[in-house]
Amino acid sequence: MACIEARGLRKTFGSTVALDGIDLRIEEGRIVGLIGPNGAGKTTALNAILGLTPYQGELKVLGRDPWKERDQLMRDVCFIADVAVLPRWLRVSQALDYVQGVHPRFDRAKAESFLAKTTIKSTSKVRELSKGMVTQLHLALVMAIDARLLVLDEPTLGLDILYRKQFYDSLLNDYFDRSRTILVTTHQVEEIQHVFTDVMFIDRGRIVFTCSMEEFESRYLEVTVHPERVAAARTLKPMHERQMLGRSILLFDRVDRQQLTALGEVRTPSIADLFVAVMGNHSVVAQNKDKYEGVTR
Amino acid sequence: MNTPSNAAPDSPLDLQPSAPAVVSATRPVYWSIRREFWENRYLYIAPVAVAAVFLFGFLIMSIHSPGQLRALVALHSAHNHEEISGSFDISAALLMGTAILMSVFYCAEALHGERRDRSILFWKSLPVSDVTTVLVKASIPLLILPVLVSAVTAVMYLLMLLLSSTVLLATGGNVAMLWAHLPILQMSLLALYHLLTAHALWPAPVYCWLLLVSGWARRATFLWAVLPIVAIGGLEKLAFNTTHFANLVGSRFIGATAPIASTDVFPTNPMTHITPAAFLGAPGLWIGLGIAAIFLAAAVRLRRYQGPI
């Protein structure tokens, strides 16, 4: 059973199309990075999944219709929709009391033990905490909920690198147990690339690329090509080419590693590089659908 | 992920959470009420503060002219009852005024604050329905504040009575007579009745209208709530030179209610005969409650759609 299943998911704001017929299926136990440029429809897609916005098309999250059954769904789904959505007047102890009061699967001891590792005092109000501490508090609340789907929309936006790293380390070490599903959007892709089991690229309201990380590592190779071999390399149909410090860096999809080693230095690209390649192609050949379908399978 | 579904869909039963997931229906309601008092601390601070200030004034007055009360109690006539209970009535009326003010400001802000500070995204991430949230917010002016303010009134009555008794004892007055004039339990219940009928159920459409606008307007909720009423009233006056609409709204807010008692001497006069049957039988009450229910349903719907501002 899929954790999230969407068919023809559409959402328009007036004449602006935010989601243009998304089909996707996310199995349970995956950590999916949903990556896209600003305004690509990431947050709209997450809002639809979380029952925060109505939509057209079919969408099932854990077998439920999120728009019709949000409050039921929220027993099994948690989300951190942004940094700093905890109300500023709330005390830490009140936050614990409240979530314990309304959530059937909240483990207060777990939240408290997580908070004990931080410098957050239970008598503090949210307004007295730093941005990083608010995120820690929110994470402590969320991680103590035995949910089946966790949705994170730019959870570490505006935090310094120490907090960001700590955030994802906690998530992986203390929370993820392979039966849970985590869906993350972020702009700091490079930092958490190792966390994902799958990536999805979204652009202009469409999913333009989707791939598991195993597949990603076996399919895509990036080569810093020797200057004299650039012409030869281009005959192998790289999906993207960029220049760095006077060298050409070519990105290949499903080209034999042996063959590429002869051309220059080979490595697995970062998700960000692939993202640039896919998005670059996507915008260039937006009219040329065949080629773009080729990229996205 | 994009892998093909590898098996037939599991039985829907597997979808059900394995851990015990039973929260009784009342717990989200209880905690939602707690939340309102955490967020809006003035709901209990204001009435207590008003009562404290009044008590202080009463204390000064009692010390200043201790003989006055003794003389009043000694008079034995029927009409001096009002003079004895006068300051008690003033204190009750003051607290009622506080309750009305709080209700108005609370409702104008109730569904706006959480959108403005984006915390609606946090509240909506928890298994509390929009219906529960909106109904709890409506219950604050319609039920909880009247009960709370009457309780504060009762405590204030008791303290005032003890203070007066002390003064009387010190000046050699008749304490038993004083207590006979001031049945404070009955007076407190009358205050509760008055608050619930005249200042909660009767003006319910006003409060629910404010709630609705607070869930709709992006800013200046109070202005958006009042403006249409002024506009409609003004149009009516211009077009027909009548003031039915303004009168209607005015009578809903403060003014002529359906008959809640046989006399005007209220809020807390123990001689008052209340007429709850007449109040509950008044069609105006039920029309108002019907309109309030429509406003609330609209507010619930709005909260489903609305995100942070």
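1. Arg88(A) sits in the loop between β5 (77–80) and α3 (92–102) of chain A, where helices (H or I, at least four residues) and strands (E, at least two) are DSSP runs, numbered from the N terminus. Arg88(A) counts as partly exposed because it has 13 C-beta neighbours inside 10 Å; by the rule used here, a residue is buried if 20 or more other C-beta atoms lie within 10 Å of its own, exposed if 12 or fewer, and partly exposed in between, with C-beta atoms placed from the backbone. Leaving aside neighbours within four places in sequence, Arg88(A) is in contact with Lys125(A), Val126(A), Arg127(A) and Asp117(B), a contact being two residues whose C-beta atoms, placed from the backbone, lie within 7 Å. The C-alpha atoms of Arg88(A) and Arg234(A), which are 146 residues apart along the chain, are separated by 56 Å.

2. A word on the source of the model and its numbering. This is a predicted model, in which local features need pLDDT of at least 70 and side-chain atom pairs count only at pLDDT 80 or more, while totals for chains, interfaces and linings use all residues. Residues are numbered from 1 along each chain as its sequence is written, and chains are lettered from A and ligands numbered from 1 in the order in which they are written.

3. On confidence, the model scores ipTM 0.86 and pTM 0.86. Chain B averages a pLDDT of 85, and 87% of its residues score at least 70, pLDDT being the predictor's confidence in each residue, from 0 to 100. Within chain B, confidence is lowest in α1(B), at a mean of 41, and highest in helix α11 (residues 204–216), at 95.

4. The contact between the chains takes 33 residues from chain B and 37 residues from chain A. On the side of chain B that touches chain A, the elements giving two or more residues are α1 (12–15), α2 (26–39) and α7 (120–123) of chain B, and α2(B) gives the most, with seven residues. That side of chain B divides into 18 nonpolar, seven polar and eight charged residues; here Ala, Val, Leu, Ile, Met, Phe, Trp, Tyr, Cys and Pro count as nonpolar, Asp, Glu, Lys and Arg as charged, and the others, Gly among them, as polar.

5. Chain A has twelve helices and 13 strands. Its radius of gyration is 21 Å, close to the 19 Å that the globule rule gives for 297 residues, so chain A is as compact as a globular protein of that length; the radius is taken over C-alpha atoms, and the rule is 2.2 Å times the number of residues to the power 0.38. The C-alpha atoms of chain A fill a box of roughly 65 × 40 × 35 Å, taken along the principal axes, and buried residues make up 46% of the 297 residues.

6. The domain assignment of chain A gives domain 1 (2–204) and domain 2 (215–296), the bounds coming from an automatic or database domain assignment. The C-alpha centres of these two domains of chain A lie 33 Å apart, and eight residues of domain 1 are in contact with eight residues of domain 2. On the side of domain 1 that touches domain 2, α7 (189–192) and β8 (198–203) of chain A each supply at least two residues, and the largest share, three residues, comes from β8(A).

7. Helix α5 (residues 131–143) of chain A has 13 residues and reaches 18 Å from its first C-alpha to its last, close to the 18 Å expected at 1.5 Å a residue, where the expected span is 1.5 Å times one less than the number of residues. This helix, α5(A), is mostly covered, since ten of its 13 residues are buried, among them Val134(A), His138(A) and Met143(A). The buried residues of α5(A) pack against β5, α3, α4 (108–116), β6 (149–153) and α6 (161–175) of chain A.

8. Leu245(A) has a positive phi of about 50° although it is not a glycine; it is found in the loop between β11 (240–244) and β12 (247–253) of chain A. Ala220(B), too, has a positive phi of about 50° without being a glycine, and Ala220(B) lies in the loop between α11 and α12 (221–240) of chain B.
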